[in-house]
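Here is a short report for a first look at a protein chain. Please keep the sequence and the 3D view at hand while reading.

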Amino acid sequence: SLGSSLAHAAQPKARAPSRPRCPSHRGSHLMCLGLSPSIRGACLARIPRLDELNLAAECGDVGRAEVLFAELVSATSAKSTLLCNTVLKACANGGDVGRAAAWYARMRGQRVRENEKTFGKLIEAGAKGGDAEAASDWFASMVLEFEPSSVAMSTLVDASAQAGDMAGASTWLQRMEAMRIHLTEFAFGSMINACAKAGQADQAVEWICRMEAAQLAPNLIALSSVIDAFAKAGRGDDAAEWLGKMESAGIQPDVVSYSAVIDAYARAGKARSAAEWFGMLEAASMKPNAITYTSVIAACGRVGHPRKAVSWLARMKEAGFEPSCASHNGVIDVYARAGRAGEAVEWLGEMEAARVAPDAASFTGAVAACARAGRAAEAAGLIARMDAASLQPNVATYNSVLSAHSKAGLPDGAAAWLEQMRAVCLLPGVISFISVVGACAWAARAEEAIGWLDKMEDARLRPNVLSYTSAIEALGRASPGDLERAEGLLGRMIGSRVQPDGVLAAKVARLWGPGLAGRLPGVRPGRGRAKVEADLERRLGRAARPVEQLGMSPKRASRRAMLTNPHKP
């Protein structure tokens, strides 16, 4: 077990006498130490080939390293720990856990002596390959023969942190302290970086404090990770504060640090602050990179400024950067948020003209734009284009298509798309079913709307208040005088412990009178009709827009105006 291995490691071991250093060694990274005389001479005579093997290992090119290993072995007629460890280094840098294990078995089978570096590379392979359990197993084997090192245990911390096992990573750090093994910046940096990837900014700060308590000064990478953690959390002011702390500590922020602050303000939808920090980056004589420009474009998207987003994309091109797919997606997103479906779809053509292949996010953004405008046919056409491009729509894509059919009042189309969603093994959620119920409501098909509530429950999904509101709307349009069925549907909702809200109460009051609405529990009285109708519009994602943007017929637009105008009877 690992516990017994650690206990064994704590006992003093008799160390083998060290081999003399090769007299011809001149500080080369090849380290001739440990080779037999025949191999040592061949190594020194063939240093260019050994350099090539080491370069392949640095790049993680396992296949190339294996070929070079075979060539060197055939030339020297012998294998060495150095050569095998170099191939293991390639496996480690490539994160190839399986090949690393195979090479270790080969070393054992051919009686090639392993050393601490052998196990170090095996542990590193597990860490970089995302297999923390394999890394732990290799460490357990290592401590049976060698003293555990700070490098090996720091790699174990990194392996657990990269796998998202923060508790396991913390445990390895505690073991390092208990065994009086030197804590390293790399170990703490792995914890901070893992917190940053998860957007856990406060935890990242806590690890910085623990790092300082261990008398280790946070470096550029650690502090940049903290800033990145605040960026992912959308906490721009905190990210900016930590960049100031970096400067106060005498560490010069780099482009990555500034870009993280810009990204933080972008995620918070503060386009002006993002642009200001972009200017500060340039004032610090730093050159923005493609990620910096993309963050500012995204910030413009979140505040609904299409013209500014396009302007920043043009600035990006002028600076010599070719906009990536993510940069173009920011422009599509801003058009989608503004409800400008035509321009969002046209931008897909702009991407193709610029030889940038749209990805699934590009099409999903354009489909969302069509959904906001209720343009069901165009949304379906974009799905067909995705299939032609061998791109798989995701849940968000299908929900946008369903929303488009809901707003267009096409229940049959919405139902067909929900079944198509299931056919490709995507599970519809509550939002998916609400769109179908909403489509039935617009088409005044009450039986189908209530039936879809049943199907939601069959799918082990709990209908929410918006689901029941849409079903009530369908019932009111199909059978405005059927008070008994309305009472039954409301009773079913209350029996399911779904809390009614003011929007539902206003619908019930308009369709069946204030008496029935007054019997709804927990609803605040006195809300104006215009306010609750506006609330419903927002909940359904149908902000007031011109008729042509909503894709409505004049008759339907007139009906919508009557519903939202408090002065109409």
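What percentage of the residues in the chain is buried?

## The chain as a whole

This is a predicted model. The chain has 569 residues, and 47% of them are buried. Its secondary structure is made of 33 helices and 0 strands.

The accessible surface of the chain is about 26,600 Å². Carbon and sulfur atoms hold 53% of that surface. Contacts can also be sorted by distance along the sequence. Take those in the chain with a separation of 6 or more: 62% of them join residues 24 or more positions apart.

## Helix α29

Now to one helix. Helix α29 covers residues 502-512. Most of α29 is covered, with 9 of its 11 residues buried.

How many disulfides does the structure hold? The count is 0.

Is C84 buried or exposed? C84 has a relative accessible area of 2%. Buried means under 20%, so C84 counts as buried. C425 has 70% relative accessibility. The cut-off for exposed is over 50%, so C425 counts as exposed.

Terms used. Residues numbered from 1 in each chain as written. Predicted model: local features only at pLDDT ≥ 70, side-chain atom pairs only at ≥ 80, totals over all residues. Heavy atoms only, no water. Buried < 20%, exposed > 50% of the residue type's maximum accessible area, 1.4 Å probe, protein only. Helix = DSSP H or I, 4+ residues; strand = E, 2+ residues; numbered from the N terminus. Contact = heavy atoms within 4.5 Å. Areas by Shrake-Rupley, 256 points an atom, 1.4 Å probe, with all protein chains shown as cover. Disulfide = S-S within 2.5 Å.
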